[in-house]
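Hello,

Here is the structure I promised to pass on. Please open it first, then read my notes below.

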Amino acid sequence: MSLKVRFIAVDGTIAEAPASAGESLLDIGQRAGQPLEGTCEGQMACATCHVIVDDADFDRIPPASADEEDMLDLAFGATRTSRLSCQIVLSEALDGLTVRLPSGSRNMQGR
């Protein structure tokens, strides 16, 4: 089954990207040309894949782990619905997920 994810850019532009169950939101966004750096390649050692999940969708995703919460404390512009896109794995229940890209990022690995 083909799923869809919506990315909202800083300027409000909406891009819809195809997805498959089992893919990380980071991989989907990078394939769709979204500015999700993912410096640590999904190892949860940076916050360069930070996204802000739409309020209406936030309760549909599993809660963040304590390690992810610690990384989010370092993310640029973090909000109550912030998540690391490398930690969101798409499932049929997440079809139509909408996330906003933050206005900036901090590379915690110093590269």
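**Salt bridges**

Glu23 is buried, because its relative accessibility is 19% and the cut-off for buried is under 20%. Its side chain still has a partner: Glu23 forms a salt bridge with Arg31, with the closest N and O atoms 2.5 Å apart. Keep in mind that this is a predicted model.

The structure holds six salt bridges. Another one joins the side chains of Asp57 and Arg60, at 3.1 Å from N to O. Asp57 is buried, with a relative accessible area of 9%. Arg60 is partly exposed, at 33%.

Salt bridges with shared partners also link Lys4, Arg6 and Glu16 into one network. Within it, Glu16 pairs with Arg6, the closest N and O atoms being 3.9 Å apart. Glu16 sits in strand E2 (residues 14-20) and Arg6 in strand E1 (residues 2-8), so this pair ties together parts that are ten residues apart in sequence. Glu16 counts as partly exposed at 48% relative accessibility. Arg6 also counts as partly exposed, at 29%.

**Overall fold**

The chain has three helices and five strands. Along the sequence they follow the pattern β-β-α-β-α-α-β-β. The radius of gyration is 13 Å, close to the 13 Å that the globule rule gives for 111 residues, so the chain is as compact as a globular protein of that length. The C-alpha trace spans about 40 × 30 × 25 Å along its principal axes. Of the 111 residues, 42% count as buried.

**Backbone points to check**

Which residues have a positive phi without being glycine? Glu41 is one of them, with phi near 60°. Met44 is another, also with phi near 60°. Glu41 is placed in the loop between helix H1 (25-31) and strand E3 (50-53). Met44 lies in the loop between H1 and E3 too. Glu41 counts as exposed, at 68% relative accessibility.

**Surface charge**

At 53% relative accessibility, Asp67 counts as exposed, since the cut-off for exposed is over 50%.

Best regards

Definitions and conventions:
Residues numbered from 1 in each chain as written. Predicted model: local features only at pLDDT ≥ 70, side-chain atom pairs only at ≥ 80, totals over all residues. Heavy atoms only, no water. Buried < 20%, exposed > 50% of the residue type's maximum accessible area, 1.4 Å probe, protein only. Helix = DSSP H or I, 4+ residues; strand = E, 2+ residues; numbered from the N terminus. Rg over C-alpha atoms; globule rule 2.2 N^0.38 Å. Salt bridge = Lys/Arg side-chain N within 4 Å of Asp/Glu carboxyl O.
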